[in-house]
Amino acid sequence: MTARNTCRTTATRARIAAVGAIAVAGSLMLTACGDQTTSGSNETDGTTASSAALFDKLPKKYQDSKVIKVGTDAAYAPMEYEEGGKIVGIDPDIAAALGKELGVNFQFTSGTFDGLISSLNTGRQDVVMSAMSDTKARQDGLDDKGKKVGEGVDFVDYFTSGVSLLVKKGNPDKITTLDDLCGKKVAVQRGTIYEDTFKTQATKCKTDGKGTLTIEAFDTDAEAQTRVKSGGAVADLNDYPVAAHIAKTAGGGNDFEVAGDQTGAGPFGIAVDKDNAQLRDALKEALDAIIKNGEYKKVLEKWDVTNSAVTEATINAGK
């Protein structure tokens with residue numbers, strides 16, 4: 001997927017969970033196009049307005065259209081990916097449960113990750129739901145150097161995840177921690193907090209005199225995985241649910257494995273424009289409702305990610 005037009009600097013996202021002590025303080029913000037390349041859409045099954053408990057909480061715009069437009073990057077299984085011409089995964093399933101409470105359909109459209117936040121600013125999408133980490137930098141519209149580059153967004157936090165190293169099956173380089181990467185080459189998706197994390201580790205390797213950490217960044221995580229599989233890099237970095245899914249499914253489970261422990265768990269959030277507080281608050285109420293009625297738990301059980309559950313909805317809980 002590629003952006004169609006050149007554009008101005010806008011706040012973008014890195015796909016990842018906050019990575020605590022190993023992460024760069026703040027989320028990566030990139031210069032990238034706000035336009036998205038549509039590769040598919042999925043309309044979740046909503047319910048009728050008359051039977052939806054929280055329909056009246058929505059802004060009139062959504063009561064009239066019965067649709068909430070969702071921007072995502074559908075290349076991140078199991079969070080969101082394309083299958084049979086539809087966007088499926090954890091995020092679409094959670095959205096479908098939210099839609100039943102709100103009486104609307106969540107309509108997913110896939111685009112490049114680094115253009116998703118700008119799609120809120122321009123009104124092309126109503127929310128972003130794409131395994132996006134809630135960080136203070138994104139909330140405030142800051143780039144990785146603390147410079148103001150946008151108005152920022154609000155997050156309704158619905159999921160927690162740490163990060164894990166993905167290595168070639170058999171772990172031939174015996175990688176278990178980030179420090180083991182010093183003097184080696186890694187692969188990563190460009191424009192993600194994972195890339196930021198590797199850059200921080202590269203500085204640490206140099207300071208500690210343990211050799212140069214070389215980073216190869218690619219447009220997609222699939223390209224980074226291919227590099228690791230071929231032996232051209234020793235590790236990729238991903239959110240734990242994604243890394244575990246890749247290790248389980250790629251090559252019938254014979255291509256990769258997760259190395260070491262999950263690190264630095266932090267929240268994923270549904271991003272909403274700061275001028276759309278009524279929608280934000282309705283989403284929070286809907287999330288609390290599906291947590292209480294058990295539908296949220298059913299989704300996480302389906303995808304075997306119950307250890308990433310939240311116990312209540314929060315707004316802007318990311319650091």
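Reader: Is A217 buried, partly exposed or exposed, and what is its relative accessible area?
Author: The model is predicted, and A217 is found in strand β10, residues 214–218. Buried means under 20% relative accessible area, and exposed means over 50%. A217 falls in between, so it counts as partly exposed, with a relative accessible area of 21%.

Reader: Which residues does A217 touch, not counting residues up to four places away in sequence?
Author: Sequence distance and distance in space are separate matters here. A217 and V186 are 31 residues apart in sequence, and their C-alpha atoms are 8.6 Å apart in space. Leaving out residues up to four places away in sequence, the residues that A217 touches are V188, R190 and E195.

Reader: Where is K185 found, and what is its relative accessible area?
Author: K185 is found in strand β9. Its class is partly exposed. The relative accessible area of K185 is 29%.

Reader: What separates the C-alpha atoms of K185 and G232?
Author: K185 touches T214, E216, R227, G232, A233, V234 and A235, not counting residues up to four places away in sequence. G232 is one of these, and along the chain it is 47 residues from K185. The separation of the two C-alpha atoms is 7.6 Å.

Reader: How many disulfides are there, and which residues form a disulfide?
Author: A disulfide is a covalent bond between the sulfur atoms of two cysteines. The cut-off for the pair of sulfur atoms is within 2.5 Å, and here the sulfur atoms are 2.0 Å apart. The count comes to one disulfide, formed by C182 and C205.

Reader: Which parts does the pair C182 and C205 tie together, and how many residues apart are they in sequence?
Author: Both C182 and C205 are buried. The angle about the S-S bond is -80°, and the link is left-handed. C182 lies in the loop between β8 and β9, while C205 lies in helix α5 (residues 193–207), so the pair ties together parts whose separation in sequence is 23 residues.

Reader: At what angle do helix α2 and helix α8 pack?
Author: Two packed helices are described by the angle between their axes and the distance between the axes. For α2 (residues 90–102) and α8 (residues 277–293), the axes are 9 Å apart. Angles of 65 to 115 degrees count as roughly perpendicular, and α2 and α8 therefore fall in that class. Their packing angle is about 105°.

Reader: How many nonpolar residues are in the contact of α2 with α8?
Author: On the α2 side the residues are I94, A97, L98, E101 and L102. They meet A282, L283, A286, L287, A289, I290 and N293 in α8. One residue of this contact is polar and one is charged, and the number of nonpolar residues is 10.

Reader: Which residues have the most contacts inside the largest nonpolar core?
Author: The largest nonpolar core has 74 residues. Strand β8 (residues 153–168) gives the most to this core, with seven residues. I94 touches M129, Y158, I290, Y296, V299 and L300, not counting residues up to four places away in sequence. The residues with the most contacts inside the core are I94, F106 and L181.

Reader: What percentage of the residues in the protein is buried?
Author: The secondary structure comes to nine helices and 13 strands. Among contacts between residues at least 6 apart in sequence, 78% join residues at least 24 apart. Of the 319 residues in the protein, the buried ones make up 53%.

Key
Residues are numbered from 1 along each chain as its sequence is written. This is a predicted model: local features need pLDDT of at least 70, side-chain atom pairs count only at pLDDT 80 or more; totals for chains, interfaces and linings use all residues. Side-chain values use heavy atoms; hydrogens and water are left out. A nonpolar core is a set of buried Ala, Val, Leu, Ile, Met, Phe, Trp, Tyr and Cys residues joined through side-chain atoms within 4.5 Å. Buried means under 20% relative accessible area, exposed over 50%, partly exposed in between (1.4 Å probe, protein chains only). Helices (H or I, at least four residues) and strands (E, at least two) are DSSP runs, numbered from the N terminus. Contact means heavy atoms within 4.5 Å. Axes are lines fitted to C-alpha atoms, for helices over the stretch in contact, and angles run from 0 to 180 degrees between N-to-C directions. Angles under 35 degrees count as roughly parallel, over 145 as roughly antiparallel, 65 to 115 as roughly perpendicular and the rest as oblique. Ala, Val, Leu, Ile, Met, Phe, Trp, Tyr, Cys and Pro count as nonpolar, Asp, Glu, Lys and Arg as charged, and the others, Gly among them, as polar.
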